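Colleague: Could we go through this model together? I will ask as I look.
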Amino acid sequence: MGSTSTIVAEPEVDLQNALARPWNIIVWNDPINLMTYVTRVFMMVFGYSKEKSERLMMEVHHDGKSLVASGAREAMEQAVTQLHEYGLWATLEQAS
Amino acid sequence: MKVSKSHGGVNLELLEGERDILLQLIDDFREFVMSEDISDPAVARLFPDAYEGNEESAEFRKYSEPALREKKDRDSAYIRSCLEVSGVISIKEIEVDSWLRGINDLRLTLGTRLEVTGDEFGGEIPDDDPQSFLYSLYGWLGWLQGSLLEVEF
């Protein structure tokens, strides 16, 4: 008796970056953006639920920042651009 | 100002004076957003660094900033087109985010100028403060944005 396992390549998965360290998006607290607005932006940009978006928003509010997403560099850069379109203060850093 | 839910979007009713002020702010902003003077704190706030490192930030900025500037101009141009039509402004569901972003850009610019530190609606400012009008404008924009969010959620 042995065990077998198969794997099928999924076209949407970018294998080229599979082994690279991911990039994190950090959103920083600022005194201007409304809390309900920040929640809405997380829902729109990342497709997160209202509950998750509120939790991340509260983290930004209380801790001064929050890691809101992590992934391949190009996708994270696109998301940061969207966050800047909405006026959030967001930066990128490579996961340690 | 009155914001209410409509079929497939949001209705916004503004007094004539409010409409005029918003039009003027939008026009000022569209001129201002073309400024590339990153030493201006309000420009730096609208176009923040994406990385801690200067080199990476500059590289990112080089290809993302022109599109970001255009996007901000497009949002405010859209708001302007809504304000040009008299009567109740009807904002379609899909276009509410243009309003939210455009009003937010005005709040970011004004809030940076006023160096607001925390109170979301500007707080209590004495009437004889030369900037008291700007503070009430900042508060009004926050109220408008908050109302749009409230009926949307």
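Colleague: Which residue in β2(B) does B:S6 stand opposite?
Modeller: B:S6 stands opposite B:G9. This is a predicted model, in which local features need pLDDT of at least 70, side-chain atom pairs count only at pLDDT 80 or more, and totals for chains, interfaces and linings use all residues. Residues are numbered from 1 along each chain as its sequence is written, while chains are lettered from A and ligands numbered from 1 in the order in which they are written.

Colleague: How many bridges join β1(B) to β2?
Modeller: β1(B) and β2 (residues 9–13) of chain B run antiparallel and are joined by 5 bridges. Strands here are DSSP runs of E with at least two residues, helices are runs of H or I with at least four, and both are numbered from the N terminus. Two strands pair if DSSP finds at least two bridges between them.

Colleague: And in what order do the strands of the sheet come?
Modeller: The open sheet of chain B has 3 strands in the order β1-β2-β3, with antiparallel pairing. β1 (2–6) and β3 (89–92) of chain B each have a single partner strand, so one side of each lacks a neighbour in the sheet. On average, neighbouring strands are turned by 25° against each other, direction ignored.

Colleague: Which helix packs on the sheet?
Modeller: α5(B) does, touching β1 and β2 of chain B, and its direction makes about 20° with that of β1(B). Contact requires C-beta atoms, placed from the backbone, to lie within 7 Å. Axes are lines fitted to C-alpha atoms, for helices over the stretch in contact, with angles from 0 to 180 degrees between N-to-C directions.

Colleague: What is the order of elements along chain B?
Modeller: From the N terminus, chain B runs β-β-α-α-α-β-α-α, which comes to 5 helices and 3 strands.

Colleague: Where is confidence lowest in chain B, and where highest?
Modeller: It is lowest in α5 (residues 132–152) of chain B, with a mean of 93, and highest in α4 (residues 96–114) of chain B, at 97. Chain B averages a pLDDT (the predictor's confidence in each residue, from 0 to 100) of 92, and 94% of its residues score at least 70. For the complex, the predictor gives an ipTM of 0.92 and a pTM of 0.89.

Colleague: Now the interface: how many residues of each chain are in contact?
Modeller: 19 residues of chain A are in contact with 25 residues of chain B. On the chain A side, α3(A) gives the largest share, 5 residues.

Technical notes: Two residues are in contact if their C-beta atoms, placed from the backbone, lie within 7 Å.
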